[in-house]
Amino acid sequence: MHFRASQTSESLELALILALSGGLMDAYSYLGRDGVFANAQTGNLLLLGVNISTGNWDAIAHYLCPVAAFACGCALAHLVKLHQTPGMHWRQYVLLVEAALLLIVSTMASDLNLVANSLTSLACGMQVQAFRKLHGHPFATTMCIGNLRSGTQALVTYFDNREREHLRTAGLYYGVVATFVLGAVLGNWVLGFAGLHTIRVSCVLLVAAFALMFHDRERRARERAEQDTDAA
């Protein structure tokens, strides 16, 4: 069995780049933009509920707008997929839009935090919708709970049947989780000297992911399959 993704959108390299960016985006929005999560919408919904319960109505938009923007990002990415045109892969268009949104965010002052957080969540929603598989397994690049669950399940399965495929799967998931944490570390560190411009690091990472997707693994996989067929 070849333990390698057949298409770049499911490759480990791309997953790690996007997870690094995902961790940085969350650290940026939470630490630099008034305690809002760019990716972890569960956290935003929790804080929304807490503020409703305490009657802090002024804070509702603070958390509700990013949640709504995240949902819009998912919808937008799906529309790009449904109406893709010849040329680049539809996921590459998603990456370019993400990078452009985050570049705009990097120019916004702190008095525009609500708009900045909403645009960042919009970008995150697009990323979540567009990149959902790693070596054929469901995963996420902007949050960790699903990856942690799947990795733990694979690890337990390995200890039960000793099939190395499950150990490799666990390693993939835990590697993405660790990279997400590393992205948060990087984001916090860069915030110390770059301030609100820190999100530009994510722009660079997204452009790198965009460039990586020009490597056509699907075509190479077809060529290998044809070679194997001819050899047989």
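Predicted model: local features only at pLDDT ≥ 70, side-chain atom pairs only at ≥ 80, totals over all residues.
Helix α3 itself runs over residues 60-82, 23 residues in number, and from its first C-alpha to its last it reaches 33 Å, which is close to the 33 Å expected at 1.5 Å a residue.

With a relative accessible area of 1%, Ser 29 counts as buried, because it falls under the 20% limit. A polar atom of the Ser 29 side chain lies 2.7 Å from the backbone oxygen of Val 36. Leaving aside residues up to four places away in sequence, Ser 29 touches Asp 34, Gly 35, Val 36, Phe 37, Ala 38 and Asn 117.

The last stop concerns charge. Side chains of opposite charge can pair when their charged atoms come close. Across the whole structure, a search finds 1 salt bridge, and it joins Glu 165 to Arg 168, with the closest N and O atoms 3.9 Å apart. Both Glu 165 and Arg 168 lie in helix α7 (residues 164-194), 3 residues apart, or about one turn of the helix. An α-helix has 3.6 residues a turn, so residues three or four places apart point the same way. Glu 165 is partly exposed, its relative accessible area being 24%, and Arg 168 is likewise partly exposed, at 39%.

Note on methods: Residues numbered from 1 in each chain as written. Heavy atoms only, no water. Helix = DSSP H or I, 4+ residues; strand = E, 2+ residues; numbered from the N terminus. Expected span 1.5 Å × (residues − 1). Buried < 20%, exposed > 50% of the residue type's maximum accessible area, 1.4 Å probe, protein only. Polar contact = N/O pair within 3.5 Å; in protein donor to acceptor, adjacent residues only side chain to side chain. Contact = heavy atoms within 4.5 Å. Salt bridge = Lys/Arg side-chain N within 4 Å of Asp/Glu carboxyl O.
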